[in-house]
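Please look over the sequence and the structure shown below before reading on.

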Amino acid sequence: MPLTEPYDDLTPDPGAVATGVDAIGGGEHTAAPTPEAGSPAPAVKDPATGPEGPEPEPVLPEPVRQRIVALTAAVLPGLPADEVPVPLRRVAKFAPNRRARLGAPAIAAQLTADPLFRQRVTARVLADAGDLGAAVVEGTAPAAADPVEVAALAYLARPTGWRDLVDASGAAVRAEADSAVVAELVREAEQRATRAEHDRAVARVEAEKLRDELARVRDELGQLREEHRMLTRTLRETQTRERRANELLATERGRATRAAADADAELRRVRNRLAEAEAVAGVARASAKEARSVDDAKLWLLLETIGQAAVGLRRELALDPVDRLPADFVADAFADQPTAAPTGPSARARDTDDPARLDQLLALPKAHLVVDGYNVTKRGFGEMSLEQQRKRLITGLGGIAAQTGDEVTVVFDGAERMHGLPPTPRGVRVLFSRKGETADELIRRLVRAEPPGRPVVVVSSDREVADGVRRHGAYPLGADALLRRLARS
């Protein structure tokens, strides 16, 4: 790792030493004796040079190289000034958090090129390592020891077989990396399965809605067809009556024409009958027109009734408007009871910690967010007092409620309910468990109180809580998902 421009003068001469963290390495060495505190480290001959020349440095895993530089940087300020190589004297004055980062090339070069400096550093590192350092010097590594730490100490002390210890550390680091990759793949598969299950549930709900809508439309179509048949039959009857009236009129006119030659009296009589026939036809036409108007009014009224069917049905079946939610009834039953300290520790488990998953669930209509209060606060900011934990969590949940418009309920164990409770933000409900019960049981009661089909999101890293609410149709999420969502806000 190169130094920044102001510290370029710390890089050792490339002709004298190797450069960069990759220069760390060397042949097999015997363990350097640990000097007593305050006594100068004895000068030793670097055993890295054998009869056939210097042995090549082993290829160190990246965590081992970083740990060697970190151990050297930690003990560098404790060395006497005359024992610190000239290229590292300015590095020794750096701040602890910059010494290993900016001085890594110079430290690595000196460890490789200066066996005496490495022995002095090793003496102090082994003294700080205690029993682990003594075991490494003897050429053994405890089974429970960190393989990276063992390899770093073995590289500095270089006991017999130290290369084997470094190789074993590399194998262990690669195995941990492979395990991390497998765990990540498993987590991604679980997330995809969860999303697929949610999508299937949403699709089923949408299919049910479409089937109900199709049934309703079919009913309305049947009613319209029946009305159309009735109107058609009425129109045919009217047309038949009109034809009969026209036929009667024609007959009367024929008779009047034939009787015109007989006599004026007969003509007047025929004319009177014709006038009567015309009056009858007019009445028939007026009746037909009036019947058609009545049918049109009936059709309009039917269409208006169908248009308001949904509103009327909702008004007929619904209860009076309510201003209380299911969780409010649970709050009345449990929040005003005497407090009790929470019981023993519960098993912890992570369902998912993806904040994007939490955003997707909160975007569902009429979602209800239920938060296991102390489970989240002690995981995210447990160094604060309980009063500060409650205040910080409730304030953050107020922001989420304002952004999403969802119902938010946070549940605490009742033992601390009377100490420093901040004002409740709009949209956030704060509950405390009653005496003899825990917040976990109160959360399960809240979930059971919700109607089937409403999206309820429960945030808790407690496996028992997650399993319990999942059986009642809620969506469990880990505490880290909410903490990341609050940090992002």
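The model described here is a predicted one, and the points below are grouped by topic.

**How two helices meet**

- Helix 1, which covers residues 62-75, packs with helix 4, which covers residues 104-113, at an angle of about 90°, and their axes are 10 Å apart.
- Helix 1 and helix 4 are therefore roughly perpendicular to each other.
- On the side of helix 1, the contact is made by I68, V69, T72 and A73, while helix 4 contributes A104, I107 and L111.
- Sorted by type, the residues in this contact of helix 1 with helix 4 comprise 6 nonpolar and 1 polar, with no charged residue among them.

**A strand and its surroundings**

- Strand 4 spans residues 407-412, and because 6 of its 6 residues are buried, this strand is largely enclosed by the rest of the structure.
- In a regular strand, side chains alternate between the two faces of the sheet.
- Both faces of strand 4 are covered, with E407, T409 and V411 buried on one side and V408, V410 and F412 buried on the other.

**The neighbours of strand 4**

- Strand 3, made of residues 368-372, runs parallel to strand 4 and is joined to it by 5 bridges; within strand 4, V411 is the bridge partner of D372.
- Strand 5, made of residues 428-432, also runs parallel to strand 4, and 5 bridges join these two strands; here T409 stands opposite R429 of strand 5.

Definitions and conventions: Residues are numbered from 1 along each chain as its sequence is written. This is a predicted model: local features need pLDDT of at least 70, side-chain atom pairs count only at pLDDT 80 or more; totals for chains, interfaces and linings use all residues. Side-chain values use heavy atoms; hydrogens and water are left out. Axes are lines fitted to C-alpha atoms, for helices over the stretch in contact, and angles run from 0 to 180 degrees between N-to-C directions. Helices (H or I, at least four residues) and strands (E, at least two) are DSSP runs, numbered from the N terminus. Angles under 35 degrees count as roughly parallel, over 145 as roughly antiparallel, 65 to 115 as roughly perpendicular and the rest as oblique. Contact means heavy atoms within 4.5 Å. Ala, Val, Leu, Ile, Met, Phe, Trp, Tyr, Cys and Pro count as nonpolar, Asp, Glu, Lys and Arg as charged, and the others, Gly among them, as polar. Buried means under 20% relative accessible area, exposed over 50%, partly exposed in between (1.4 Å probe, protein chains only). Two strands pair if DSSP finds at least two bridges between them.
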